[in-house]
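Here is a short briefing to read alongside the model.

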Amino acid sequence: MNRIALLAAACLAALGAAAAASAAPPTLVGSVSDPLNISLTQNGKKVTHLKAGTYTIVVKDTASDHDFHLTGPGVDKTTTVGGKGTFRWKVTLKKGTYTYVCDPHASFMKGSFTVS
Ligand SMILES: [Cu+2]
């Protein structure tokens with residue numbers, strides 16, 4: 001392949017990746033577990049800032065004494081304290097600050113991120 005063909009192939013690959021990304025909303029992983037862990041990650045990294053838009057949040061609640069409760073502009077979703085399971089939430093995040101907590105231990109099991 002000559003140089004131009006290689007460039008064209010690279011561009012097509014990039015377009016394909018962009019199309020795949022726009023087809024499915026980005027996925028975040030929320031997790032709450034014993035003893036006192038709560039987190040929200042994207043690709044394994046703690047979420048601190050996101051762009052506004054639609055996201056899929058996969059929440060893994062493996063504890064029967066904690067919940068995962070996400071609140072912020074237009075969003076108020078929670079698992080139950082006594083329940084366990086993996087849940088998929090489709091959420092639209094808007095500009096502002098979002099907070100996730102475990103309600104019974106909200107003073108220390110908590111995190112937040114901003115959206116712009
Ligand atoms: Cu808790």
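Donors are N, O and S atoms within 2.8 Å of the metal, and water is not among the atoms, so a site may look incomplete. With that in mind, the donors of the copper ion follow the spacing H-x35-C-x2-H along the chain. The model is predicted.

**Copper site**
- Three residues coordinate the copper ion: His-66 through ND1, Cys-102 through SG and His-105 through ND1. The distances run from 1.9 to 2.1 Å.
- His-66 sits in the loop between strand 5 (53-61) and strand 6 (69-72). His-105 sits in the loop between strand 9 (96-101) and strand 10 (110-115). The pair therefore ties together parts that are 39 residues apart in sequence.
- Is His-66 buried or exposed? His-66 is buried, because its relative accessible area is 0% and the cut-off for buried is under 20%.

- Five strands make an open sheet, ordered 3-2-1-5-8, with mixed pairing.
- Strand 3 (45-46) and strand 8 (85-93) are the edges. Each has a single partner strand, so one side of each lacks a neighbour in the sheet.
- Strand 1 (residues 27-33) pairs with strand 2 (residues 37-42) in the antiparallel sense, over five bridges.
- Ser-31 stands opposite Ser-39 of strand 2.

**Nonpolar core**
- In soluble globular proteins, nonpolar side chains tend to be buried together.
- The largest nonpolar core here holds 21 residues. Which of them touch the most other members? They are Leu-40, Leu-50, Ile-57, Phe-68, Leu-70, Leu-93 and Phe-113.
- Strands 1, 2, 5, 8, 9 and 10 each give two or more residues to this core.
- Leu-50 has contacts beyond its neighbours within four places in sequence. Among them are Leu-28, Tyr-55, Leu-93, Phe-113 and Val-115.

**Aromatic pairs**
- The whole structure contains three aromatic pairs.
- The rings of Phe-68 and Trp-89 have centres 6.2 Å apart and planes at 55 degrees, so this pair is tilted. Phe-68 lies in the loop between strand 5 and strand 6, and Trp-89 lies in strand 8, 21 residues apart. Both residues are buried.
- Tyr-98 and Phe-113 form a stacked pair, 5.5 Å centre to centre with 10 degrees between the planes. Tyr-98 is in strand 9 and Phe-113 in strand 10, so the pair ties together parts 15 residues apart in sequence. Both Tyr-98 and Phe-113 are buried.
- Ring pairs also join Phe-68, Trp-89 and Tyr-100 into a cluster.

- Thr-56 belongs to strand 5. Its relative accessibility is 11%, so Thr-56 counts as buried.
- Leaving out residues up to four places away in sequence, Thr-56 touches Pro-25, Pro-26, Thr-27, Leu-28, Arg-88 and Trp-89.
- Lys-94 is in the loop between strand 8 and strand 9. With a relative accessible area of 45%, Lys-94 is partly exposed.
- What does Lys-94 touch, not counting residues up to four places away in sequence? Its contacts are Ala-52, Pro-73, Gly-74 and Val-115.
- The C-alpha atoms of Lys-94 and Leu-50 are separated by 9.5 Å, although the two residues are 44 residues apart along the chain.

Methods:
Residues numbered from 1 in each chain as written. Predicted model: local features only at pLDDT ≥ 70, side-chain atom pairs only at ≥ 80, totals over all residues. Heavy atoms only, no water. Pairing = 2+ DSSP bridges. Helix = DSSP H or I, 4+ residues; strand = E, 2+ residues; numbered from the N terminus. Donors = N, O, S within 2.8 Å, 3.2 Å for Na, K, Ca; no water. Buried < 20%, exposed > 50% of the residue type's maximum accessible area, 1.4 Å probe, protein only. Core = buried A, V, L, I, M, F, W, Y, C linked by side-chain atoms within 4.5 Å. Contact = heavy atoms within 4.5 Å. Phe/Tyr/Trp six-rings, centres within 6.5 Å; stacked < 30°, edge-to-face > 60°.
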